[in-house]
Amino acid sequence: MSMKLHDFDGEHSLTLTAGDQVADTAIVAAGHEPNGYFWEGLVQFVWPEVAERLEFDSEGGMFCALGSSSDLTQLKAVMEPVITSPEAVRGIIARAEASGFEFDD
């Protein structure tokens, strides 16, 4: 399932169903849970300059970011190639672990 942008009464959010992505196999193989908290950590590690402008309301079954329409559109554009690429996720996890970053999954 793909990422979805939502606009409800002027509030903007970006959601992703966790545990239903092509890259999940790479996440599990690396010893992580492919849940909303994992994806939130990935965003915070890879795109910290965007993450600092967002609020997160993720849970086990869903990644959810709240913020401006432009920030969320930018995040969706950079995340979509990652959620469909086990290779990209493996590389990100390796870089994160090498830097001491811990995913809160």
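Which residues of H4 are buried? I opened my notebook with that one. The buried residues of H4 are Asp71, Leu72, Leu75, Lys76, Met79, Val82 and Ile83, where buried means under 20% relative accessible area, exposed over 50% and partly exposed in between, with a 1.4 Å probe and protein chains only.

**Ground rules.** I am working on a predicted model, in which local features need pLDDT of at least 70, side-chain atom pairs count only at pLDDT 80 or more, and totals for chains, interfaces and linings use all residues. Residues are numbered from 1 along each chain as its sequence is written, and side-chain values use heavy atoms, with hydrogens and water left out.

**Helix H4.** I took helices (H or I, at least four residues) and strands (E, at least two) as DSSP runs, numbered from the N terminus. H4 has 15 residues and spans 20 Å from its first C-alpha to its last, close to the expected 21 Å; that expectation is 1.5 Å times one less than the number of residues. I also found a bend of about 25 degrees at Ala77, with Pro81 following within four residues. The bend is the angle between axes fitted to the seven residues ending there and the seven starting there.

**H2 with H4.** I then turned to H2 (residues 36–46) and H4 (residues 69–83), which pack at about 115 degrees with their axes 12 Å apart. Here axes are lines fitted to C-alpha atoms over the stretch in contact, and angles run from 0 to 180 degrees between N-to-C directions. From H2, Trp39, Leu42 and Val43 meet Leu75, Met79, Val82 and Ile83 of H4. I noted 7 nonpolar residues in this contact, no polar and no charged.

**Gln74.** Back in H4, I checked Gln74. Gln74 counts as partly exposed because its relative accessible area is 37%. Leaving aside neighbours within four places in sequence, Gln74 touches Val50 and Arg53. Val50 is 24 residues away in sequence, at 8.5 Å C-alpha to C-alpha.

**Ala96.** My next stop was Ala96 in helix H5. Ala96 is buried because its relative accessibility is 0%. Outside four places in sequence, Ala96 is in contact with Phe45, Phe101 and Phe103.

**Asp9.** Last, I visited the loop between S1 and S2, where Asp9 is found. Phi of Asp9 is near 50 degrees, a positive value in a residue other than glycine. Most residues other than glycine have a negative phi. Asp9 counts as exposed because its relative accessibility is 71%.

Conventions. Contact = heavy atoms within 4.5 Å. Nonpolar A, V, L, I, M, F, W, Y, C, P; charged D, E, K, R; others polar.
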